[in-house]
Amino acid sequence: MNTDRKTALVTGAARGIGQEIARILAGEGFYLFLADLSTEANETLQACKALGAEAEFIRCDIRDAAQREDLVQTIGTRVGRLDVLVNNAGINVQERKDLLEVEAEAYDRVMDTNLRGPFFLTQKIAGWMIRQKEAFPDRNPIVINIASLTSYAASVHMAPYCLSKSGVSMMTQLFAHRLAPHGIAVYEIRPGIIQTDMTSAVREKYNRFIGEGGLPISRWGTPADVAKAVSALVQGFLPYSTGEVINVDGGFHLRKL
Ligand code: NAI
């Protein structure tokens, strides 16, 4: 089958930011593939289907080469096209720890999930997107990486996470350069402090930070804030841009005197 409908793959779509990205793309008529380490994504699936979208869940541990291969194969067999890849799956450090005490296992776990897995998934999909663009020049496949304000803000108690996200930002630039001649754009979204399960353990810390004026837009970000940026990108309104970074952070990145 080769569907006429635009198709998107969202990794880490079982909950949080990925769930909201899936939901917004569903509302825009995308055929959705939801990939997650979690064994089910019923909440996301139902939300997408309620919006009239076709959506399928594929269990995939982004760290695992065979599972990444299966994921791409399955989408190829099911619909034969992919217009949007959203590299959203990610984890933080299990335990915040001074970088002088970080263990190799904790380092590898974060790097494998946040950087190595997405790098090789994107590599695989990029090759396929190039072939699709050659066969269907009217299509404009894009890649969106979900990085973080820790791509540039050093947090010494989350060293592996910071390293992985700064790596994702370089990954955006690398793929943007490499894929531009093929008509494939690569964008990056840098969320700030977003209310999800990932930040639930540090809610009080960030409540204080925000309460004390840490953010120009003085509130927590929501998954919908991030999903709306994805929506803006997939609509194709940045046709002469690639490697572009969109900060969805309440203005955290602004410097002031
Ligand atoms: P979350 O923890 O609520 O959801 C992450 C999802 O990724 C979960 O469904 C989880 O099962 C999935 N996942 C984890 N490891 C996986 C693996 N190996 N393979 C496939 N799926 C896997 O996190 P949240 O907050 O929704 O984060 C989404 C993305 O946004 C992550 O990349 C995160 O680093 C990034 N981000 C989040 C921020 C926040 O404040 N919540 C801020 C900046 C970036």
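Which residues line the largest cavity? I put this to the structure first, keeping in mind that the model is predicted.

**Entry 1, the cavity.** I searched the whole structure and found one cavity of 30 Å³ or more, and the space in the largest cavity comes to about 30 Å³. I listed its lining as Asn87, Ala89, Asn114, Pro118, Ile146, Lys165 and Val168. Looking up which elements give two or more residues to this lining, I noted helix H4 (104-135) and helix H5 (159-179). When I sorted the lining of the largest cavity by class, I had four nonpolar, two polar and one charged residues.

I then turned to the largest pocket, for which I recorded a volume of about 1200 Å³. I found 50 residues in its lining, with Gly90, Ile91, Asn92, Tyr161 and Met198 the closest to the centre of the pocket. Two or more lining residues come from each of helix H1 (16-27), strand E2 (31-36), H4, H5 and helix H6 (203-211). By class, I noted 25 nonpolar, 16 polar and nine charged residues for the lining of the largest pocket.

For the second largest pocket I wrote down about 350 Å³ of space. Its lining holds 20 residues, and those I found nearest the centre are Asn140, Ile142, Ala185, Tyr187 and Gly236. I noted strand E6 (185-191) and helix H7 (223-234) as the elements that give two or more residues to this lining. I divided the lining of the second largest pocket into 12 nonpolar, six polar and two charged residues.

Conventions. Residues numbered from 1 in each chain as written. Predicted model: local features only at pLDDT ≥ 70, side-chain atom pairs only at ≥ 80, totals over all residues. Heavy atoms only, no water. 1 Å grid on protein atoms, 1.4 Å probe; cavity = no way out; pocket = protein on both sides within 12 Å on 5 of 7 lines; lining within 4 Å. Points joined across faces, edges and corners; volume = space filled by probe spheres on them. Helix = DSSP H or I, 4+ residues; strand = E, 2+ residues; numbered from the N terminus. Nonpolar A, V, L, I, M, F, W, Y, C, P; charged D, E, K, R; others polar.
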